[in-house]
Amino acid sequence: MANAGNEIAFKKETVAKLLTRSFKEDKTKVSSDAVVLVGEMLKIFVEEATRRAVKQASSEDCDTVDIEHFEKILPQLMATQPSSAQHPGLHFTSPLM
């Protein structure tokens, strides 16, 4: 993950590797637009996780954010996935669940 100042950015090669690891067929390709889109989604996810972990640490009167704060907010992040009911025909899965 590259970090210029406070800007979060993922290398396109890293995002592409993350995507291709979940493909069942070796022939499946991923477009550069898809890599950019998923990279932006990862950025938003990391920013939101950071905000929530900071808020959790603050609620516990801690000056620093520790891994325990992230672990406490992780279920909230996983629960914010769109449901299939909101998007008929789409099925959301998470490798972390």
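A residue counts as buried when its relative accessible area is under 20%. Keep that cut-off at hand for the tour of this predicted model.

**Stop 1: the whole chain.** Show the chain as a cartoon. Three helices and two strands make up its elements, and from the N terminus on they run β-β-α-α-α. Of the 97 residues, 15% count as buried. Switch to a surface view: the chain exposes about 7900 Å², and carbon and sulfur atoms supply 57% of that area. Taking contacts between residues at least 6 apart in sequence, 30% join residues at least 24 apart.

**Stop 2: colour by confidence.** The mean pLDDT of the chain is 81, and 75% of the residues reach 70 or more. Where is confidence lowest, and where is it highest? The lowest mean, 50, belongs to strand E1 (residues 2-4), while H2 has the highest, at 93. Now select residues 83-87. Here pLDDT stays under 50, and the model has six contacts beyond four places in sequence for this stretch.

**Stop 3: Gly39.** Select Gly39, which has its place in helix H2. Is Gly39 buried or exposed? Its relative accessible area is 14%, so Gly39 is buried. Show the residues around it: leaving aside neighbours within four places in sequence, Gly39 is in contact with Phe10 and Val15. Then draw a distance from the C-alpha of Gly39 to the C-alpha of Ala16. The two are 8.9 Å apart in space and 23 residues apart in sequence.

**Stop 4: H2 against H3.** Select helix H2 (32-59) and helix H3 (67-79). Two packed helices are described by the angle between their axes and the distance between the axes. The axes of H2 and H3 come within 9 Å and cross at roughly 125 degrees. Show side chains to see who makes the contact: on H2 the list includes Phe45, Ala49, Arg52 and Ala53, and on H3 it includes Phe70, Ile73 and Leu77.

**Stop 5: Asp61.** Follow the chain into the loop between H2 and H3 and select Asp61, which lies there. Most residues other than glycine have a negative phi. Asp61 has a phi near 55 degrees, a positive value in a residue other than glycine. Is Asp61 buried or exposed? With a relative accessible area of 70%, Asp61 is exposed.

Conventions
Residues are numbered from 1 along each chain as its sequence is written. This is a predicted model: local features need pLDDT of at least 70, side-chain atom pairs count only at pLDDT 80 or more; totals for chains, interfaces and linings use all residues. Side-chain values use heavy atoms; hydrogens and water are left out. Helices (H or I, at least four residues) and strands (E, at least two) are DSSP runs, numbered from the N terminus. Buried means under 20% relative accessible area, exposed over 50%, partly exposed in between (1.4 Å probe, protein chains only). Contact means heavy atoms within 4.5 Å. Accessible areas come from the Shrake-Rupley method with a 1.4 Å probe; for residues, only the protein chains shown count as cover. pLDDT is the predictor's confidence in each residue, from 0 to 100. Axes are lines fitted to C-alpha atoms, for helices over the stretch in contact, and angles run from 0 to 180 degrees between N-to-C directions.
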